[in-house]
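Work through the exercises below with the model open. Try each task before reading its solution.

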Amino acid sequence: MKIIKKSSYRPQPHVCVVIPVFKGAALAELWQEFPELEYPARQKRIKGEIGEALACHSLEQRRLFLLVGAGKPGRLADARRLACRTMTLLREHLATRALLYFAAPLPYPPEYLRNLVDYLHLNNYRFDRYRKKKSKPVERIELAFKKRVSWSGAEWPERAIVLEEARLARDLVNEIPARANPDAMVQAFAAAAGRHGLKLEAWRRPELEANGMSGLLAVGASSCCEPALLTLTHEPRDFSRTVVLVGKGITFDAGGLNLKPGNSMEEMKCDMAGAAAVLGALSAVARLRLPLKVIGLAPLTENLPGRRAYKPGDIITYANKKTVEVVNTDAEGRLILADALIVAARLKPDMIIELSTLTGAIVTALGDSYAGLFCRNRRLSAGLLQAAESSGELLWEMPLPGEYRESIASKVADLKNANYNGASSIKAGLFLSEFTGRVPFAHIDIAGTAFLSKPNFCLNSEGATGFGVRLLVEFLQNLG
Ligand code: BES
Ligand code: MN
Ligand code: ZN
């Protein structure tokens, strides 16, 4: 989809006109602007609340007008929801070209417009690779403002890069698990590395064994596809800081021998969304030439039952000599992430940010619009929370109380991988913190936000959201 900034309101024939109506707007003034609208439309009411919409036609010009509730002027959350509603309406009306006209003479700060553009794009996405009947995307949106906006649109090419990488991440997560297996993920990483000049190192079985990556080897034991640990590096000539990003890459989570019941398994192709977000973020970082060293780590495997499957009761010995008792093979994410975090900490970066679809409990706690942020470093969490607010990939900070540490202590090993007495997201976070040494560390549990079973208030289609790509890029841009 093309989005173009226009200098004035001059819609071509057959282009749908969308008019955001802010709360408290004087409707009489608005109607004066559009004499081509027929009389009956003027008697309808719209208050400007988010979610409200009014469709009307101008008879002579056969033009469709959509008045869409825009909420509070300047509010970023309302920009996202306005964009979402607008795209849903355009698709419903089969409109492929639109002019979005901001008639209210308000200030539109760059951040507001960036969110609007982001969410127009994000809501034009559909995964219909496997459908004969494809839904028609919107092809072109023109933006016009009554008041001149200070914003030139100069940052659009940059934004297009970030949005394209978010889209690729969504495609990868939505891809069926038969195709998006560890081998295919290695290929996807290699392709991105080739395209954007990133360095890729792929550890497969021999290197995993040589480096003692025993969590990955245990979880991956029953898969016909060999596990992998990928390291994707962006290293500019000059940099002063190094950031490691880690993403969980379970390409399908059946639960292993602790098999998941049918309906909880249905969406488990999404369990590599962390790895996909890391790939998207690294690609964007390289294309934007950010002046930071950024290293992406992705442990990849499937979690399946089978003759060779790892078992409850097994004890895994990690490269840092810590031992972990497996009490539940479905708590596999933390087991493969432990390997990656050990490697990450050895790189001595300034910080580690890890994203994973880690626990069902975070979905219960925060739903599908906030990811859980677990971080003991104030500066790091503040930076992430700020990037979350401005990107719309929202975070809610969760505690990491030391008091809960004993609940993941084992009688036969140093740690165990699960404990059933509640707070399972926190315990997972505490488990991961055991493997990061002294490096400032943030764990982001994206189990609720990475994949939607139904649309939410700012994304109008189910499936992968690409959560993390825009958040990480934003955070890294602020850092650089
Ligand atoms: N991949 C799942 C978590 C998940 C749940 C992701 C829902 C996306 C949506 C994870 O591996 C898992 O199975 N977690 C278990 C842990 C438990 C056994 C301690 C869970 O949350 O039930
Ligand atoms: Mn699991
Ligand atoms: Zn999982």
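**Exercise 1: a covered strand**

Task: Determine which residues of β8 are buried on each face.

Solution. Ala 228, Leu 230, Leu 232 and His 234 are buried on one side of β8, and Leu 229, Thr 231 and Thr 233 are buried on the other. Buried means under 20% relative accessible area, exposed over 50%, and partly exposed in between, with a 1.4 Å probe and protein chains only. Strands (E, at least two residues) and helices (H or I, at least four) are DSSP runs numbered from the N terminus. In a regular strand the side chains alternate between the two faces of the sheet. Seven of the seven residues of β8 (228-234) are buried, so the strand is largely enclosed by the rest of the structure.

A note on the source: this is a predicted model, in which local features need pLDDT of at least 70, side-chain atom pairs count only at pLDDT 80 or more, and totals for chains, interfaces and linings use all residues. Residues are numbered from 1 along each chain as its sequence is written, chains are lettered from A and ligands numbered from 1 in the order in which they are written, and side-chain values use heavy atoms, with hydrogens and water left out.

Task: Which bridge partners does Thr 233 have in the neighbouring strands?

Solution. Start with β7 (residues 199-203): five bridges join β7 to β8, and the two run antiparallel. Two strands pair if DSSP finds at least two bridges between them. Lys 199 stands opposite Thr 233. Next take β11 (residues 293-303), joined to β8 by seven bridges, again antiparallel. Here Ile 295 is the partner of Thr 233.

**Exercise 2: the two metal ions**

Task: Which residues donate to the manganese ion (ligand 2)?

Solution. List the donors, meaning N, O and S atoms within 2.8 Å of the metal (3.2 Å for Na, K and Ca); water is not among the atoms, so sites may look incomplete. They are Asp 253 (OD), Asp 330 (O and OD) and Glu 332 (OE), at 2.1 to 2.2 Å. Now check the angles: the six donor atoms give 70 to 170 degrees, and the site is irregular. Asp 253 lies in strand β10 (249-253) and Asp 330 in the loop between β13 (323-325) and α11 (333-346), so the pair ties together parts 77 residues apart in sequence.

Task: What is the geometry of the zinc ion (ligand 3)?

Solution. The donors are Lys 248 (NZ), Asp 253 (OD), Asp 271 (OD) and Glu 332 (OE), at 2.0 to 2.4 Å. Angles among the six donor atoms run from 78 to 174 degrees, which makes the arrangement octahedral. The rule: four donors are tetrahedral if all angles lie between 85 and 135 degrees; four are square planar and six octahedral if opposite donors are over 155 degrees apart and all others between 65 and 115; anything else is irregular. Finally, Asp 253 bridges the zinc ion and the manganese ion, which lie 3.2 Å apart. Asp 253 and Glu 332 are both buried.

**Exercise 3: a three-stranded sheet**

Task: What is the strand order of the open sheet that contains β12?

Solution. The order is β12-β13-β17, with mixed pairing. β12 (315-317) and β17 (415-416) are the edge strands, each pairing on one side only. Three bridges join β12 to β13 in antiparallel fashion. Ile 316 stands opposite Val 324 in β13.
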